[in-house]
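My notebook is open, and I am ready to look things up one at a time. Come along and check each entry against the picture.

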Amino acid sequence: MTDVVVERLGFAPLQLLDLWGDPGGVQQVLGHALPPVGRAEGGVLRTGPTSWLIEGEVSALKAAISGDGAIAAVGGGLLRVRLSGPNWRSLLMEGGLFDFESPAFTTDCVVITVIDHVSVTLRVEGPDSCLAYVPASHAADLLHFWQISAGGLPQ
Amino acid sequence: MIRFTFDGRALTAKPGQTLAAALLDHGIKLVGRSFKYHRPRGILSAGVEEPNALVTVGTGGRAEPNTRATDLYVYDGMVATSQNRWPSLSSDLGSALQLVAKALPAGFYYKTFFGPPKLWLFYEKFIRRAAGLGPAPVEADPDRYAQRAAFCDVLVVGAGPAGLIAARDAARAGKRVILVEQDAELAPSLLRDPQEIEGQPGSVWAASVAAELRAKGGRVLTRTSASGLWDDNFICLSEKLVEPGQVPQGAFTQRYWHVRADEVVLATGTLERPLTFANNDRPGVMLSQAVRTYVSRFGVVPGQRVVVATSNDDAYLTATALRQAGAEVVAVLDSRPSPAGQDSGFAVLNCAAPVSAAGGKRGVTGVTALIDGAERSFACDLIAMSGGFTPVVHLHMQAGGKLDWDDAAQAFVPGATRQNVRTVGSAAAPAPAETFGALGPAKQAFVDFQNDVTVADLDLAWREGYRSVEHLKRYTTLGMATDQGKTSNMAALDRIARREGMEVPQAGLTTFRPPYTPVSMGALVGLATGEHAQPTRRPALYDLHAAKHPIWLNAGYWKRPRAYPVGSETLAEAGLREARSVRQAVGLCDVSTLAKFEVQGPDAVQFLERVCQTTVGKLAVGRGRYTFMAREDGLVFDDGTVWRLEDNRYLLTSSTGGASRMATWLSYVRNYLCADLKVSVVCVQEHYAAIAVAGPQSSAVMAELTGAEAPRHMSVSETGIAGVPVLLMAASFSGERAFEVHFDARHAEAVWRAIEDKVLQAGGAPYGIEAMELLRIEKGHLVVGPDIDGRLTADELGLGKMVNKAGGWIGAATLHRPDFADSMRKQLVGIEAVNGGSIPEGAMLVRRVGEQAEGHVTASGLRIMEGGSIALAHLMGGHMRHGEELYAHSPTRKQTVKVRVGSPHFYDPSGERYRD
């Protein structure tokens, strides 16, 4: 009996945007500003001081950032996994280091942390689910870890 | 009733009873044998401090030795076994050691086992067999252990009244609270000494506080021991989800918590101290509060005729509880002068203390006391003793806290702290008590029960000059058993202080180290066992390879096919067949694990020319080159290839094994050394799968797959295979015309199958790491790790001609150090067996066996088509020693092979086979 569903969503076209300049026009292309550190908006997750993970089509964005940054495809190496159910935060505490149970870790918060020795990018989708981007080579191990752990979470 | 066995005897227990309580309930007082002298031992305490009643619980791989019967709740089907005895607990042959106890004082082994080392090998067998208590299980533990993080504002250790109130106050103030209690019940002291709190019975009150904590989002953990407190209020908790040896009902048997707390409140209480007198270790001599616990909490009366010996008021509560339970309190021996205890209603003898207990393995039968200087004996079957109370300050000290001396309590209490840790309750203010030292023959007066350290042992160590308490501890093993001296520490310090003629605080104090109570190895390991003992990285083609049943190689964390044996082929046979297939036709190999970095931006070339020792700027779009990288010290630490895909877009590859290090290095260079450059560096190791296609027919295979002429050596084209866009890079690690196909890993299987189909049609085969090694060694290509080990320069590796003479790369400046001009530094060479035989990998290169090594073999292989053992090696001054004959000598493998030094390129040195 478990209160967490671990759902393998598969791969998606993911790009990493890395900026060294300050391009105008990004907001126009995305429909919103690039999210700040620790946050996500739309299909864009802030993953570092100058980097964002973008899900979806980026050809217009490429043109907008020309000369101020670069985009590299990374989607072949990141498996998306959805953790849903009332105890998804509790599951992430197993083998983890980050305070997923903090009341401040709310919808559209983003963190890159280590879980069971694997570097994982996580985005809070809402009160009942979280999206994890897992390095593909580690995915089998981490999914196994989550399946085992989900069966014995503390009440 | 709960059914269990002890030494095979079927017994029953009441719900909630510990094993100790259940055994006492059945009148069983003999529970174990002592560590050194095999003295009969019973039950001293009712908690985690128990030094005597240690048992093995559980069976098979689930068995847990040295488990305290006082900290073990009986469950149905429990199998408990006594330890350190043969053939039985009551008739233990080892007890004969008591007859020669005089020959086995503290440190006897330091004085006894001198002599030739060979004799130690003889002694060792007997010592190893005699040492220890319960045997560790030899079968694998079938259970799982969880590890978990937690964060809180306030962590409270100890759920007695003080801890419960501290936790409730914090929760009411809106704090996130975790409350932990090592007992199975909250407020166990209120079960021993029932009282009303806030108008409710103690246990009811405790439950209501816990309910309030949970309702406010707090966490209450019972059967959880705070095992260690580290810097920044990082605290480890060991939670028992089931009892030791018990089959878990859920997924896990224990959980190990890593908690970070803003504040830690220690409500850890006190431990009662034993009195030191002759035969104070006999079954039936118990701590006073423990006796009261068995009577009041567990409904068990451990004796019917009881002598209470005390230095404080608390023991009178025990006398009262015993009387109420129907036992006879024969006398109360109070070490304090009259009128202490005179109004208690018991037969109190002041200025009185026990000198010696009488009795044997079945329990005490009496006690002789010293009363106002005169001895007097009492018949009894239980001695309840109390020498005062020692605050549990372990966590406070582990957090860097100081201790103050409380003269009234004759105990150390928590002093100043340097972390946000505070102590509340009796641990901060223990009850007053006095101490009066040891009485009776010192040889039989035990201080450390678990390690059999007597007063005589302490005195001997003192006479032999051990003044520092830390030295004395190690010499006598005092406090070094599994109980960590919880009941012995203060008695020992008191004895040392008296010998020195000083107060206890001046005698010093040993360090309290984690864990507070033993922690299962499984809890420390968590789920990292068996095939999950370390992370396993699987390439995108893992399942496809697995279907071919390859011999796997653990390359770092990666699982890589080492060879694909056909029929009954051995690894060597399969590897050689696959390598010959590459030499003669074509082969394909999964090289997805290579490190890959996409480098983009107008300053990409400047960045790469800092990182790479070769030129990069001259590369035309569509061209690539072999490159290598040095640290700031000028020594090469990795190699790979760099490809110019577009004007300002490059792909840099480097070794599999060094991938993480290279990612860290490039991040460091990008962000610290080249922060001003307009460049993006992204690790795409996992995004791109990669397949190497090598062999004289590889060009034809690629042309057929892509429908276009294959790119020439060190050129790259963007094309498609099986409808998947790919980068087709003409590069060779085998000595043959070869390609690396890089593409989005999501399409790995389709691309592999398409290539494999054509390779098989061309008479080729897949090849693994074993064949790759044979191929690259014969060609003289280097591998990061054995060949490029971070200790040689590019010149020394034979790569000097490729170095960017304009400099500018990291490490260029340090190459001018005089040491690097030494011509006898090690250099890369090839070596070949002169008279046959296989050159052992790792062997030393020597002029004669027994002489100083002048180098070593880094990688050993063979001539793939012709046979004959060849190898790569690092050799002092190697470049100037071609033609010289040496020996490759491996003492560990007992192999010595005569070798001739030469070029590392054994195959096609001019590189003709790279070209169509």
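Before my first entry I need a rule: two strands pair if DSSP finds at least two bridges between them. I also note that helices (H or I, at least four residues) and strands (E, at least two) are DSSP runs, numbered from the N terminus.

A word on the source. This is a predicted model, where local features need pLDDT of at least 70 and side-chain atom pairs count only at pLDDT 80 or more, while totals for chains, interfaces and linings use all residues. Residues are numbered from 1 along each chain as its sequence is written, and chains are lettered from A and ligands numbered from 1 in the order in which they are written.

**Entry 1: a strand in chain B**

I looked up the partners of β8(B). It pairs with β15(B) in the parallel sense, over twelve bridges. Within β15(B), I found Glu263(B) opposite Val154(B). β8(B) also runs parallel to β9(B), and four bridges join them. There, Leu155(B) has Ile178(B) of β9(B) as its bridge partner.

Next I asked about cover. I call a residue buried if 20 or more other C-beta atoms lie within 10 Å of its own, exposed if 12 or fewer, and partly exposed in between, with C-beta atoms placed from the backbone. By that count, eleven of the 13 residues of β8(B) are buried, and the strand is mostly covered.

**Entry 2: a helix in chain B**

I moved on to α4(B), residues 161-172. Its twelve residues reach 16 Å from the first C-alpha to the last, close to the 16 Å expected at 1.5 Å a residue. The expected span is 1.5 Å times one less than the number of residues.

Is this helix enclosed or open? Nine of its twelve residues are buried, so α4(B) is largely enclosed by the rest of the structure. Among the buried ones I noted Pro161(B), Leu164(B) and Arg168(B). The buried residues pack against several elements of chain B, including β8, β9 and β15. I count two residues as in contact if their C-beta atoms, placed from the backbone, lie within 7 Å. Just after α4(B), I found Gly174(B) with a positive phi of about 85°.

**Entry 3: chain A as a whole**

I counted four helices and ten strands in chain A. Along the sequence they follow the pattern β-β-α-β-β-β-α-β-β-α-β-β-β-α. The C-alpha trace spans about 50 × 30 × 20 Å along its principal axes. Of the 155 residues of chain A, 45% count as buried. I also checked contacts between residues at least 6 apart in sequence: in chain A, 65% of them join residues at least 24 apart.

**Entry 4: one leucine**

I picked Leu142(A), which sits in helix α4 (residues 139-150) of chain A. Why does Leu142(A) count as buried? Because it has 22 C-beta neighbours inside 10 Å. Leaving out residues up to four places away in sequence, Leu142(A) touches Ile115(A), Asp116(A), Val118(A) and Val134(A). Asp116(A) is 26 residues away along the chain, yet its C-alpha atom is separated from that of Leu142(A) by 7.2 Å.

**Entry 5: where the chains meet**

Last, I looked at the interface: 35 residues of chain A are in contact with 35 residues of chain B. On the chain A side, β2 (14-19), β6 (69-73) and α4 each give two or more residues. The largest share, five residues, comes from α4(A).
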